[in-house]
Amino acid sequence: MEYQIGTMIEIPRAALTAEDIAKEADYFSFGTNDLTQMTFGYSRDDVGSFVPEYINQKVLHADPFEVLDTHGVGKLVEIAVNLGRTSKKDLKTSICGEHGGDPESIEFCYKVGLNVVSCSPFRVPIARLAAAQSVIKNR
């Protein structure tokens, strides 16, 4: 019986030690909602009370739980992909969660080499279109 072993990368330390994890894993799936929560130190239960004001004051350009923060969280994703592929050249990588249905986030993921997007069913048409547009735009 063939099988693959994979792991969710959901905490900053996992992203930063990805070369070690990749020695044992066939694929990484980035749980970017949890990675965002851990990186920012924000509770998803509380963000509604202050993130809108952060966006208003231009502290944030968007809600980081809706659009991937490419400068911080995205950098961890990119680091993990690169480190993981130093140990396993053909490492498969994916994103799952709400960011997987956001066109801006999908384009970033394409640029840093993710192979797969996973999202909730109602976001699939948007994700498919955004992925196709990313391929065409970034060739």
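Predicted model: local features only at pLDDT ≥ 70, side-chain atom pairs only at ≥ 80, totals over all residues.

User: What are the elements of the chain, and in which order do they run from the N terminus on?

Analyst: You get seven helices and four strands. Starting at the N terminus, they go β-α-α-β-α-α-α-β-α-β-α.

User: How do you know whether the chain agrees with a compact globule?

Analyst: Set the value against the rule. A compact globule with 139 residues would have a radius of gyration near 14 Å, and the chain has 15 Å, so the two agree. As for its extent, the C-alpha trace spans about 50 × 35 × 30 Å along its principal axes.

User: Why is Leu-76 called buried?

Analyst: The cut-off for buried is under 20% relative accessible area. Leu-76 has 11% relative accessibility, so it counts as buried. It sits in helix 5. Leaving out residues up to four places away in sequence, Leu-76 touches Pro-12, Ala-15, Leu-16, Leu-35 and Thr-39.

User: What makes a group of residues a nonpolar core?

Analyst: They have to be buried, belong to the nonpolar types, and be joined through side-chain atoms within 4.5 Å. The largest such core here has 21 residues, and Ile-9, Phe-28, Phe-30, Val-77 and Leu-114 touch the most other members. Helix 1 (12-16), helix 2 (18-22), strand 2 (27-31), helix 5 (73-87) and helix 6 (103-111) each supply at least two residues of this core. The largest share, five residues, is from helix 5.

User: Which residues does Phe-30 touch, not counting residues up to four places away in sequence?

Analyst: With those set aside, Phe-30 touches Ile-9, Val-77, Ala-80, Val-81, Thr-93, Ser-94, Ile-95, Cys-96 and Leu-114. There's also a second, separate core of five residues, including Tyr-42, Val-47, Val-51 and Leu-60.

User: How many of the contacts join residues at least 24 apart?

Analyst: Among contacts between residues at least 6 apart in sequence, 59% do.

User: And what about the charges: how many side chains are positive and how many negative?

Analyst: Lys and Arg count as positive, Asp and Glu as negative. On that count the chain has 14 positive and 19 negative side chains, with the centres of the two sets 8 Å apart.

User: What share of the accessible surface belongs to carbon and sulfur atoms?

Analyst: The surface comes to about 8,200 Å², and 53% of it belongs to those atoms.

Notes: Residues numbered from 1 in each chain as written. Heavy atoms only, no water. Rg over C-alpha atoms; globule rule 2.2 N^0.38 Å. Contact = heavy atoms within 4.5 Å. Areas by Shrake-Rupley, 256 points an atom, 1.4 Å probe, with all protein chains shown as cover. Charge placed at Lys NZ, Arg CZ, Asp CG, Glu CD. Buried < 20%, exposed > 50% of the residue type's maximum accessible area, 1.4 Å probe, protein only.
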